[in-house]
Amino acid sequence: MSAVGVTIRPARLEDVGAVVALERGVAEAPHWAEREYGAMVESSAGEGVRRCLLVAESGGELAGFAVGRAIGREEVSGELESVAVATGARRAGTGRALCEAVIAWSRGQGADAVELEVRSANHGAIALYERLGFVRVGMRKGYYREPADDAVLMRIDVRG
Ligand SMILES: CC(C)(COP(=O)(O)OP(=O)(O)OC[C@H]1O[C@@H](n2cnc3c(N)ncnc32)[C@H](O)[C@@H]1OP(=O)(O)O)[C@@H](O)C(=O)NCCC(=O)NCCS
């Protein structure tokens, strides 16, 4: 999958350092330890909770990444946990391509829907998710700290 010269692919262990460096510069993204990203790369299909770490690469550089999670065997729930694009690479379709790749991965894991939560003040991300077809399904008051914010819950059905 590509968006203007961008390749989306599963992360390898050697990508983790660059993913962490990008993540540390993106305040809106959830922050995880390097070893947690490493565990996502090694997450296997046999586990109850599966994660995917996808990267967007442009000219050999990391342009962005996304994290998906799938839980359950009979009824699988999919979640888009994080998406972040380098400041200089934004508004070129990379965020959209990363989200679409997480949706495709979730469908492949057997999910009927993909859910996410996002800060209510994060208008750019909400616009991206709405453009992708996510709809608002709820709100969690005071869910976020530093700075305090509500979480908007969004969902997209991924089965026909
Ligand atoms: C949100 C984010 C991932 C979007 O990445 P991106 O590569 O710039 O997004 P795209 O270029 O694929 O945008 C696709 C569409 O989404 C919408 N959109 C994306 N960013 C937007 C913004 N800042 N304001 C308004 N609409 C926006 C637009 O409709 C856009 O299409 P257009 O450029 O043709 O108008 C990026 O801004 C980012 O990394 N933000 C910080 C991290 C974050 O907030 N992540 C979400 C919470 S984990």
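**A chat about the ligand, the pocket and the core**

Author: Happy to! A backbone N or O atom of V83 is 2.8 Å from a nitrogen atom of the ligand. Keep in mind that this is a predicted model.

Reader: Good to know. Which residues come nearest to the ligand?

Author: There are 21 residues around the ligand, and V83, R91, R96, N122 and R131 come nearest.

Reader: What does R131 do at the ligand, in terms of distance?

Author: An N or O atom in the side chain of R131 lies 2.5 Å from an oxygen atom of the ligand. There is also G95, where a polar backbone atom is 2.8 Å from an oxygen atom of the ligand.

Reader: Nice. And which elements build that lining?

Author: β4, α3, β5, α4 and β6 (135-144) each give two or more residues to the lining of the largest pocket. β4 gives the most, with seven residues.

Reader: How many of the lining residues are nonpolar, polar and charged?

Author: By class, the lining of the largest pocket has 19 nonpolar, six polar and 11 charged residues.

Reader: Staying with β4 for a moment: is E81 buried or exposed?

Author: E81 is found in strand β4. With a relative accessible area of 18%, E81 is buried, because the cut-off for buried is under 20%.

Reader: A buried Glu, then. Which side chain does E81 have a polar contact with?

Author: The side chain of R51; the polar contact between the two side chains is 2.7 Å.

Reader: Now the core. Which residues touch the most other members of the largest nonpolar core?

Author: That core has 32 residues, and I8, L80, L98, V118, Y129, F134 and M154 touch the most other members. At least two residues each come from β2 (49-58), β3 (61-71), β4 (76-85), α3 (94-108), β5 (111-119), α4 (123-132) and β7 (149-157).

Reader: And which element gives the most to this core?

Author: α3 does, with seven residues. Another core, of 15 residues, lies apart from it, and L22, Y37, V55 and F65 are among its members. As background, nonpolar side chains tend to be buried together in soluble globular proteins.

Reader: Changing topic to backbone geometry. Where is the cis peptide bond?

Author: The cis peptide bond joins E146 and P147, with omega at about -5°. P147 sits in the loop between β6 and β7.

Reader: What about phi at E146?

Author: Phi of E146 is near 45°, a positive value in a residue other than glycine. E146 has its place in the loop between β6 and β7, and E146 counts as exposed, at 77% relative accessibility. For context, most residues other than glycine have a negative phi, and most peptide bonds are trans.

Reader: Last one: buried or exposed for R91?

Author: Exposed, at 86% relative accessibility. The cut-off for exposed is over 50%, so R91 counts as such.

Definitions and conventions
Residues are numbered from 1 along each chain as its sequence is written. This is a predicted model: local features need pLDDT of at least 70, side-chain atom pairs count only at pLDDT 80 or more; totals for chains, interfaces and linings use all residues. Side-chain values use heavy atoms; hydrogens and water are left out. A nonpolar core is a set of buried Ala, Val, Leu, Ile, Met, Phe, Trp, Tyr and Cys residues joined through side-chain atoms within 4.5 Å. Buried means under 20% relative accessible area, exposed over 50%, partly exposed in between (1.4 Å probe, protein chains only). Helices (H or I, at least four residues) and strands (E, at least two) are DSSP runs, numbered from the N terminus. Ala, Val, Leu, Ile, Met, Phe, Trp, Tyr, Cys and Pro count as nonpolar, Asp, Glu, Lys and Arg as charged, and the others, Gly among them, as polar. A residue is near a molecule or strand if one of its heavy atoms lies within 4 Å of it. A polar contact is a pair of N or O atoms within 3.5 Å; within protein, one must be able to donate a hydrogen and the other to accept it, and residues adjacent in sequence count only if both atoms are side-chain atoms.
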